[in-house]
Each structure stands twice: as structure tokens, then as C-alpha cells.
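Welcome! Let's walk through this protein together, one question at a time.

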Amino acid sequence: MYAGLGQEMIDLDELERSAKAVGGCAWTPTYATRTDLARVWLPDGDAVCGCYGNIGHLPEPIDADDVAEFIAASNPATILALITELRTLRAGAARYQWLKPRFRTFSLDMGGQHTYCATGEIGRIRGPNLDMAIDAAIAVRQKEGV
């Protein structure tokens, strides 16, 4: 669950599997004509789907060209890029959530700005970069069962 949102997290592994199963590539739309549907195409020229106009009212009718553009924009390559970005963001959020309760207010300057430092529990965080140092500190705590 997303913290505080009450929603289940997206199963990124399943979404990634699905995107790869349909080629993992970008798709392109073509627009409806008087005699043909709007379509979405693979790079090799095969059609992914045809799109109908006036398929619903939300509160306005949905245009077939808009459907084709949306499907093409939501292509497997885009989904795979979003998965990569979301995994990176989740890792950063996990680091922050782990680190946040381990900091305390160290001082308050005359301008009202707080200075924060790590509590004695983790002491100084050292490493080639902060993310790697936090990941190492998390791994130590997990091995200790904390």
C-alpha cells in the first residue's frame, strides 16, 4: 500500500512482463478517415488495434483519434521507462523514510533555521555518495534485525 493513500502499489514486475510480452517498443497512431478506423501501429507496420469514435460519454463523446493517440503514447517502451523511473523514485523514498526518524534537530540559528544531524544510533554516514552510504547503513541494520 502507498503510505497514507490507501491504494495498492502497482505490480511493476507484472506490468514489466506485460510490456515486454508485446514487444517493448514504441507504437504510432494513424487517424481515422471516412473509410477507415484510427489505428495504432507497431514499428514493423503491423496494426496493434483499430479505434472507434464515439465510444462513450464522459460527459463528451470520445474521439477515435484521441483514443489512438492515448494508446500509442501508452506504448510498451513508455511503460518500461516509467517502471525504471518509478523504481528509482521508490528506492529514494525508501532511503528517506529509513533515514528521516534517525535525525534530530541539532541546533536552531538566529534566523530560525534548523540544523539536523544523525542520532547516535547511526552516527556519521560515510561512503562515496549519500545514497550508497544510506543503503549500506540500512543493510547493516537489517542484518542486525533492527
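Q: In what order do the elements of the protein chain run from the N terminus on?
A: This is a predicted model, and its protein chain holds four helices and five strands. Reading from the N terminus on, the elements run α-β-β-β-α-α-β-β-α.

Q: What percentage of the residues in the protein chain is buried?
A: A residue counts as buried when its relative accessible area is under 20%. The protein chain has 146 residues, and the buried ones make up 20% of them.

Q: What share of the contacts with a separation of 6 or more comes from residues 24 or more positions apart?
A: Here a contact means heavy atoms within 4.5 Å. Among the contacts in the protein chain with a separation of 6 or more, residues 24 or more positions apart account for 40%.

Q: How far from Asp65 is the nearest side chain of opposite charge?
A: Asp65 sits in helix 2, where it is in contact with Tyr31, Ala32 and Ala38, leaving aside neighbours within four places in sequence. At the start of this helix, a side-chain oxygen of Asp63 comes to within 2.9 Å of the backbone nitrogen of Asp65. Asp65 is buried yet has no salt bridge. The nearest side chain of opposite charge is that of Arg39, at 11 Å.

Q: How many salt bridges does a search of the whole structure find?
A: Side chains of opposite charge can pair when their charged atoms come close. For a salt bridge, the nitrogen and the carboxyl oxygen must be within 4 Å. Searching the whole structure gives a total of five.

Q: How far apart are the closest N and O atoms of Glu14 and Arg17?
A: Both residues belong to helix 1 (residues 12-21), three residues apart, or about one turn of the helix. Glu14 counts as partly exposed because its relative accessibility is 36%, and Arg17 is partly exposed as well, at 46%. They form a salt bridge whose closest N and O atoms are 2.7 Å apart.

Q: How many residues apart in sequence are the parts tied together by Glu16 and Arg87?
A: The side chains of Glu16 and Arg87 meet in a salt bridge, 3.3 Å from N to O. Glu16 lies in helix 1 and Arg87 in helix 3 (residues 76-99), so the parts that the pair ties together are separated in sequence by 71 residues.

Q: Is Arg141 buried or exposed?
A: Arg141 forms a salt bridge with Glu144, with 2.9 Å between the closest N and O atoms. Glu144 is partly exposed at 48% relative accessibility. With a relative accessibility of 14%, Arg141 counts as buried.

Q: What distance separates the C-alpha atoms of Leu12 and Ile79?
A: Leu12 lies in helix 1 and is buried, with a relative accessible area of 7%. Leaving out residues up to four places away in sequence, Leu12 touches Ile83, Leu86, Arg87 and Arg90. Leu12 and Ile79 are 67 residues apart along the chain, and their C-alpha atoms are separated by 9.8 Å.

Note on methods:
Residues are numbered from 1 along each chain as its sequence is written. This is a predicted model: local features need pLDDT of at least 70, side-chain atom pairs count only at pLDDT 80 or more; totals for chains, interfaces and linings use all residues. Side-chain values use heavy atoms; hydrogens and water are left out. Helices (H or I, at least four residues) and strands (E, at least two) are DSSP runs, numbered from the N terminus. Buried means under 20% relative accessible area, exposed over 50%, partly exposed in between (1.4 Å probe, protein chains only). Lys and Arg count as positive and Asp and Glu as negative; His and the chain ends are not counted. A polar contact is a pair of N or O atoms within 3.5 Å; within protein, one must be able to donate a hydrogen and the other to accept it, and residues adjacent in sequence count only if both atoms are side-chain atoms.
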